[in-house]
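This report describes a protein model in terms of its pockets, its ring contacts and its overall dimensions. Please keep the structure at hand while reading.

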Amino acid sequence: MTIVRDRVDVSNLLTVPEFQAAAKERLTPGAYVYVAGGAGDERTMRDNIDAFARWRFVPRVLVDTSGRSLATTILGRHVAMPIGIAPFALQCLLDPEGEVAMARAATTAKTFMALSMGANRTIEDVGAAAGCPLWFQPYLFDDHAYMRELARRAEAAGFIALCLTVDSPVSGRRDGALRVPVTLPDGVTWANMPPELRRPTGKWLSGGDAWTWKDVDRIRSETKLALVIKGVLSADDAVLAVEHGARVVVVSNHGGRQLDDSIASLDALPAVVDAVAGRAEVVLDGGVRRGIDVLKALALGARAVLIGRAAAWALAAGGQAGVERILELLRVELSVAMAIAGVTSVERVDRKILTRAMDR
């Protein structure tokens, strides 16, 4: 069994670290390390969080924020707040309902969710469970016919976007996962992988290191789904993503799980926003732990943020209820921060409410 204790009462949990501690008590070592670990010495993983402390608020006062709004749109779909669920694999390691529970929680919160190709529940299961905008995130590999089949299934299941993760031509070196490999329990598979890869074999998808922007063009031409490019840190790549049809650019370093000493996602955000220049929506992924983090990302130009580990710890601690709880905590924290900073709408935030922290 992967889950070693009953779900906890999440009603008294207030912070992401508290959810992480509760999750650690419930998970096997392999499952915990799978979520918690990063590449190399994990400097980028830590820096994703630390980057938010490099900015300080300059609040505006005596602004009527009594009618402040957290609602926005992503790819033209209305959401109640600019906080979505990042794609991450193997959620049934964290809770038996896995990605279905995550989708139901996102639906309750009236936000959006991305489903990983490495999910333990099928595209169809998640599509049936969700009443919120869904993205499907395939990795890049050399079976083009299977890629087309995944896109077709996502379209049929009601997904609105294909989220190509482009920062993983190969899997990053994660020492923790090498020392404590993850093991899938009986009955749990990589539900959306090709049949020969649905149980761990030591083999991973191949071909991603040979992909170019021409392959992005091919994928875009083969689907009606909106194109999201996830894993962009370079302003030059952001420009290319837009030129090749991306409607959303996700600034992300894969949670520090790919290339250690990559720039923190938040540090990369302003240059990407400037390079995109309004031609696509920009979403931030990486390091979000508080509502004030969300507000800082919005002030630096993001339209929304994605949460990965925060959602994972919540799922592991309390299942669907845990994810609903963490999303509600972030929503409340964001709302309070907006009121005090003098922000009336998440769609009208600019860099004037921020200043760089002084070096110590």
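How much space lies in the second largest pocket?

## Basis of the values

The model is predicted, so local features need pLDDT of at least 70 and side-chain atom pairs count only at pLDDT 80 or more, while totals for chains, interfaces and linings use all residues. Residues are numbered from 1 along each chain as its sequence is written, and side-chain values use heavy atoms, with hydrogens and water left out.

## The second largest pocket

The second largest pocket holds about 410 Å³ of space. A pocket here is an open set of points on a 1 Å grid over the protein atoms alone, where a 1.4 Å probe fits, with protein on both sides within 12 Å along at least five of seven lines, and lining residues have an atom within 4 Å of a point. The volume is the space filled by probe spheres set on the points, which are joined across faces, edges and corners.

Among the 23 residues that line this pocket, Val166, Asp167, Pro169, Gly231 and Asp237 are the closest to its centre. Helix H8 (213–221) and strand S8 (226–232) are the elements that give two or more residues to the lining; helices (H or I, at least four residues) and strands (E, at least two) are DSSP runs, numbered from the N terminus. By class, the lining divides into 10 nonpolar, 10 polar and 3 charged residues, where Ala, Val, Leu, Ile, Met, Phe, Trp, Tyr, Cys and Pro count as nonpolar, Asp, Glu, Lys and Arg as charged, and the others, Gly among them, as polar.

## Aromatic pairs

The structure holds 3 aromatic pairs, defined by ring centres within 6.5 Å (Phe, Tyr and the six-membered ring of Trp), with planes under 30 degrees apart counted as stacked, over 60 as edge-to-face and the rest as tilted. One of them joins Phe112 and Trp135, whose centres are 5.2 Å apart and whose planes are at 40 degrees, so the pair is tilted. Phe112 lies in the loop between helix H4 (98–108) and strand S5 (113–116), and Trp135 lies in strand S6 (residues 134–137), 23 residues apart. Both Phe112 and Trp135 are buried (under 20% relative accessible area with a 1.4 Å probe, protein chains only).

Phe136 and Phe159 form an edge-to-face pair, at 6.3 Å centre to centre and 85 degrees between the planes, and both residues are buried.

## Overall dimensions

The protein chain has 12 helices and 12 strands, and 57% of its 360 residues count as buried. Along its principal axes, the C-alpha trace spans about 60 × 50 × 40 Å.

Methods. Buried < 20%, exposed > 50% of the residue type's maximum accessible area, 1.4 Å probe, protein only.
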